[in-house]
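Hello,

Here is the structure I promised to pass on to you. Please open it next to this email, and I will walk you through what turned up.

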Amino acid sequence: MNSIRKTLSKTSLGIQAGLALALILGLSACGKQTFDKQQFSGAASANNQSITIKPKVDIILFQDISGSMVQPAAALKSQLIAFLNSINSNWDFHFAVLPLQRQDDLRGRYILAQNCTGVMNCLNPSQAMAFDNGYGWYSADASYGSIDDGFINMQSNLSNTASMAGSGFLRSDAMLVIIPFTNGNDISGMSYPTDYKDRGDGQMVPNYQSANAINSFNTFQTYLTSTLKPSISLVSFYSVVAGNASDSPDAFISCAGANAWSGSRYIQMAMNIENAYPGFSNGGNYNICTSQLSSVLSSIALRMQNLILA
């Protein structure tokens with residue numbers, strides 16, 4: 001691991017939370033999928049010996065690295081170790097973090113995995129604190145605002161074969177769980193002032209009904225549903241953002257001590273992904289602004305454990 005520290009920039013731990021949330025959200029989705037044979041979690045008997053096949057789940061969290069995300073992320077840190085201890089023996093998971101605001105390479109980052117076979121720069125669950133203190137999370141960067149080209153950057157990162165497959169993170173037979181973690185909203189494909197409008201109070205805001213906005217949304221959705229995996233049943237998308245589906249796309253709100261935009265585009269994408277595969281919960285939305293996050297996480301964790309038992 002020393003070579004990583006020598007070659008990487010001085011990026012270090014800034015936002016230290018979200019891993020527990022990422023794992024909970026992703027794994028709760030995984031339990032509800034119709035798995036291929038390689039993914040089925042169950043037990044069989046051979047010569048009076050039990051054989052367990054663990055479900056494979058690749059979980060990638062796209063971290064908003066703007067300064068306003070420090071407090072929302074820190075609110076979740078305390079659940080990291082306890083949750084890892086509760087799930088690591090039941091799932092063959094990979095977990096990694098990439099920035100929402102730019103493209104990066106997982107070959108220069110830490111990957112947390114239940115089984116490190118074939119994974120570059122791998123840490124196992126017992127080394128979660130090293131993940132926190134090394135090149136797992138990203139530092140806050142004041143040069144980035146809270147509104148970003150999230151869809152474009154996520155697709156650029158996910159389609160980077162050298163990063164995804166070269167690092168050993170992405171497996172062809174694993175469920176892929178994608179989690180944008182942000183208090184901003186996506187503006188992929190939009191330009192100022194062509195694709196902006198006056199909100200009515202003199203403030204110019206993105207016009208999500210513009211042709212460029214609609215096109216960028218549909219392009220990313222097509223990538224998730226038709227290109228990224230051979231079946232939409234192998235893709236889950238969970239938005240962990242500011243606001244709810246009922247909020248106006250132009251809503252500017254106070255969230256965990258900072259100003260935030262409602263993440264309407266991420267919320268809508270999660271809803272569309274879930275609807276693309278009826279009957280299975282492979283999409284969902286979680287509001288980082290609520291004070292009830294801990295109870296939400298506890299509820300999802302219990303649901304996940306019930307799925308494992310079933």
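Let's start at one residue: Asn121 is buried, as its relative accessible area is 15% (buried means under 20%, exposed over 50%, and partly exposed in between, with a 1.4 Å probe and protein chains only). You will find Asn121 in the loop between strand S5 (111-113) and strand S6 (122-123). Although Asn121 is not a glycine, its phi is positive, at about 50°. Most residues other than glycine have a negative phi, and most peptide bonds are trans. The bond from Tyr192 to Pro193 is cis, with omega near 5°, and Pro193 sits in the loop between S7 and S8.

A word on where this comes from: the model is predicted, local features need a pLDDT of at least 70, side-chain atom pairs count only at pLDDT 80 or more, and totals for chains, interfaces and linings use all residues. Residues are numbered from 1 along each chain as its sequence is written, and side-chain values use heavy atoms, with hydrogens and water left out.

**How confident is the model?**

The pLDDT (the predictor's confidence in each residue, from 0 to 100) averages 76 for the protein, and 70% of the residues score at least 70. Over residues 306-310 the pLDDT is below 50, and this stretch has 5 contacts in the model beyond near neighbours in sequence (contact means heavy atoms within 4.5 Å). Residues 2-44 also stay under 50, and there the model has 142 contacts beyond four places in sequence.

**The whole protein**

There are 10 helices and 13 strands; both are DSSP runs numbered from the N terminus, helices being H or I with at least four residues and strands being E with at least two. Of the 310 residues, 51% are buried. The accessible surface is about 12,800 Å², and carbon and sulfur atoms hold 50% of that (areas come from the Shrake-Rupley method with a 1.4 Å probe, and for residues only the protein chains shown count as cover). If you take contacts between residues at least 6 apart in sequence, 76% of them join residues at least 24 apart.

Helix H9 covers residues 264-276, and its 13 residues should span 18 Å at 1.5 Å a residue, which agrees with the 18 Å between its end C-alpha atoms. The expected span is 1.5 Å times one less than the number of residues. Which residues of H9 are buried? They are Ser264, Arg265, Tyr266, Ile267, Met269, Ala270 and Ile273. These buried residues pack against helix H6 (150-158), strand S7 (175-181), helix H8 (211-227), strand S10 (235-241) and strand S13 (283-287).

**Salt bridges**

Side chains of opposite charge can pair when their charged atoms come close. The structure holds 7 salt bridges (a side-chain nitrogen of Lys or Arg within 4 Å of a carboxyl oxygen of Asp or Glu). One of them joins Asp58 and Arg171, at 2.8 Å from N to O. Asp58 lies in strand S3 (residues 56-63) and Arg171 in the loop between helix H7 (161-164) and S7, so the pair ties together parts 113 residues apart in sequence. Both Asp58 and Arg171 are buried.

Lys197 and Asp250 meet in another salt bridge, at 3.5 Å from N to O. Here, too, distant parts of the chain are linked: Lys197 is in strand S8 (residues 196-198) and Asp250 in the loop between S10 and strand S11 (252-255), 53 residues apart. Lys197 is partly exposed at 32% relative accessibility, whereas Asp250 is buried at 13%.

**Disulfides**

How many disulfides does a search of the whole structure find? It finds 2, a disulfide being a pair of cysteine sulfur atoms within 2.5 Å. Cys116 and Cys122 form one, with their sulfur atoms 2.0 Å apart, and this link is left-handed, with -75° about the S-S bond. Cys116 is partly exposed at 29%, while Cys122 is buried at 11%.

Another disulfide joins Cys255 to Cys289, with 2.1 Å from S to S. Cys255 is in strand S11 and Cys289 in the loop between S13 and helix H10 (293-309), 34 residues apart. Cys255 is buried, with a relative accessible area of 0%, and Cys289 is partly exposed, with 23%.

Enjoy exploring!
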